[in-house]
Amino acid sequence: MVNGSYYGGDIIYFVGNNKSKSISNNITGIFNTKTLEIEWTYELEIEDKFHFFIDVPQANDKYFGVKDSENTLYLFERE
C-alpha cells in the first residue's frame, strides 16, 4: 500500500506508492487499521512528474508532517 509510512498505534500515516496504478506518491494520508478506512488524504497539484512526497511522514497527537521533493515541509494540524 505505501512507499513510506509511519505507524502510530491504530493509525498509519502514509505516502502513496508510485508503483501502484491507483495511488501515486503525490498523495499522503492517514489510514485507520481498526476501521480499515482511509481517514484523510492530501494530494499535491501535479505540475510536473518530479514533484512528489518523499521520506516517511512524521506525526504526533497534534500534527502530521511530510516533505516533498522540493524540500518543502507540509504540516497539517490533526483534529
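This report looks at a salt bridge, a strand hairpin and a surface patch in a predicted model.

## Ground rules

Residue numbers start from 1 along each chain as its sequence is written. Local features need pLDDT of at least 70, side-chain atom pairs count only at pLDDT 80 or more, totals for chains, interfaces and linings use all residues, and side-chain values rest on heavy atoms, with hydrogens and water left out.

## The salt bridge

Side chains of opposite charge can pair when their charged atoms come close. With a salt bridge taken as a side-chain nitrogen of Lys or Arg within 4 Å of a carboxyl oxygen of Asp or Glu, the count here is 1. Asp10 and Lys34 make a salt bridge, their closest N and O atoms sitting 3.5 Å apart. The pair ties together distant parts of the chain, 24 residues apart: Asp10 is in the loop between β1 (2-8) and β2 (11-16), and Lys34 in the loop between β3 (27-32) and β4 (37-43). Strands are DSSP runs (E, at least two residues), numbered from the N terminus.

Buried means under 20% relative accessible area, exposed over 50%, and partly exposed in between (1.4 Å probe, protein chains only). Asp10 is partly exposed at 35%, and Lys34 is exposed at 64%.

## Hairpin and patch

β5 (residues 53-59) and β6 pair antiparallel over 4 bridges; pairing takes at least two DSSP bridges. The two strands form a hairpin with 3 residues between them, and Ile54 faces Lys67 in β6.

Tyr63 belongs to β6 (residues 63-68) and, at 33% relative accessibility, counts as partly exposed. Together with Leu73 and Leu75, Tyr63 makes a nonpolar surface patch of about 290 Å². Patch residues have over 30% relative accessible area and no salt bridge, with like charges joined within 9 Å and nonpolar side chains (Val, Leu, Ile, Met, Phe, Trp, Tyr) within 5 Å. Accessible areas come from the Shrake-Rupley method with a 1.4 Å probe; for residues, only the protein chains shown count as cover.
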